Amino acid sequence: MELSDHHHQKQQQQHYYSSSSSSPKRLFDLYALISSQPRPSSSSAPSSNGVSNSKSLVIPAPKEKIEMYSPAFYAACTVGGSVSTGPTHMAVTPIDLVKCNMQIDPAKYKSITSGYGVLLKEQGAKGLFKGWVPTLLGYSAQGACKYGFYEFFKKYYSDIAGPEYAAKYKTLIYLAGSASAEVIAAVALCPMEAVKVRVQTQPGFARGLADGLPKLVKSEGALGLYKGIVPLWGRQIPYTMMKFASFETIVEMMYKHAIPKPKEQCSKSLQLGVSFAGGYVAGIFCALVSHPADNLVSFLNNSKGASVGDAVKKLGMWGLFTRGLPLRIVMIGTLTGAQWGLYDASKVFFGLPTTGGANVPPAKA
């Protein structure tokens, strides 16, 4: 009887994994199915002929197995990206608020401490979280696209390159995969970013998303929500390329030179610590390469009818590269470290391996 039940369950699993449909209902049914199964051991179990299955692409999940690079795998990565990015950006809203105002009005917001003082005096403690709703929604959508599509494009470009070249030029694979993912992710972020900047830097414009979004659309049209898409790409694409490629490289170097045993033998808590540390260092590089474009995004979203030339003329090249930079290094370093830690924690939850410390995904022969 138990054998028959096991056979029936196996047929159901094969049906869900092999189906080309990836609708929300099918994914819900898939997770409902796997949630009823007993959790397999995390150790590599030998097969019936005594040979270990540890090299299989089927990785133990909390209650079932998720096949690597399957629709369920990308769904898990998308969820992890959303959970790791939206809440972390929302948590640093007070830092972002001061940074944006320092970029727009440096005469009034002269430093970090005086900036907080001005905001507290004018808006109170509640005002420090102004714009948190568009921040949460915008970056949740962006994170879902960024991480989910990164995993997809990393595998896709590895398959195109082939096993030998994918391993030889893995950094180029990371750069191409992250750039492709961010082109899509920035489109998801742009409308919420436009509302957020306007709410945070124009007193009296709106209280938040509910009144800010329709007011912005009414004054500038629906296309006004995407007025900053080009500078946003200019900020986010280099940022994301640095974020993913440097993280992968730093983590690989940490496992190779700083940790005395292979990644596979490290505890999950140690692996997550490596993810956070690698992410923090990567975040510092991210802030440096993307800061000029960040100043442009803040300026353009705050000034109706302004151009990139107007921004450069007013800010100057030195101001473009340095205004608000120290605060942004702290913010982005913390953000990026937390995001990689949370993202890999979600992977561990789903039973997937943490990111980095190994070559790019196996390419098709």
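**A cavity among the helices**

Helices here are DSSP runs of H or I with at least four residues, strands are E runs of at least two, and both are numbered from the N terminus.

Quick housekeeping. This is a predicted model, so local features need pLDDT of at least 70 and side-chain atom pairs count only at pLDDT 80 or more, while totals for chains, interfaces and linings use all residues. Residues are numbered from 1 along each chain as its sequence is written, and side-chain values use heavy atoms, with hydrogens and water left out.

What do I mean by a cavity? On a 1 Å grid over the protein atoms alone, it's a set of points where a 1.4 Å probe fits but cannot get out, and lining residues have an atom within 4 Å of a point. Grid points are joined across faces, edges and corners, and the volume is the space filled by probe spheres set on the points.

How many cavities of 30 Å³ or more are there? The count is 2. The largest cavity holds about 150 Å³. It is lined by 17 residues, and H89, Y139, R235, Q236 and I332 sit closest to its centre. By type, the lining splits into 8 charged, 5 polar and 4 nonpolar.

With 25 residues, helix 13 runs 35 Å from first C-alpha to last, close to the 36 Å expected at 1.5 Å a residue; the expected span is 1.5 Å times one less than the number of residues. After helix 13 comes G351, with a positive phi near 85°.

Now helix 4. Which of its residues are buried? That's 12 of its 12, where buried means under 20% relative accessible area (1.4 Å probe, protein chains only). Another cysteine, C190, is buried at 3%.

On to helix 6, which carries both Q142 and K146. Q142 is buried at 1%, and K146 is buried at 2%. For contacts, think heavy atoms within 4.5 Å. Leaving out neighbours within four places in sequence, K146 contacts A181, E182, A185, Q236, Y239, T240, K243 and F244. Applying that exclusion to Q142, its partners are T85, E182, A185, A188, L189 and Q236.

Most residues other than glycine have a negative phi. Y69, though, has a positive phi near 65°, and Y69 sits in the loop between strand 2 (65-67) and helix 3.

Zooming out, the chain has 13 helices and 2 strands. Of its 365 residues, 48% count as buried. And of contacts between residues at least 6 apart in sequence, 75% join residues at least 24 apart.

Notes: On a 1 Å grid over the protein atoms alone, a cavity is a set of points where a 1.4 Å probe fits but cannot get out, and a pocket is an open set with protein on both sides within 12 Å along at least five of seven lines; lining residues have an atom within 4 Å of a point. Ala, Val, Leu, Ile, Met, Phe, Trp, Tyr, Cys and Pro count as nonpolar, Asp, Glu, Lys and Arg as charged, and the others, Gly among them, as polar. Buried means under 20% relative accessible area, exposed over 50%, partly exposed in between (1.4 Å probe, protein chains only).
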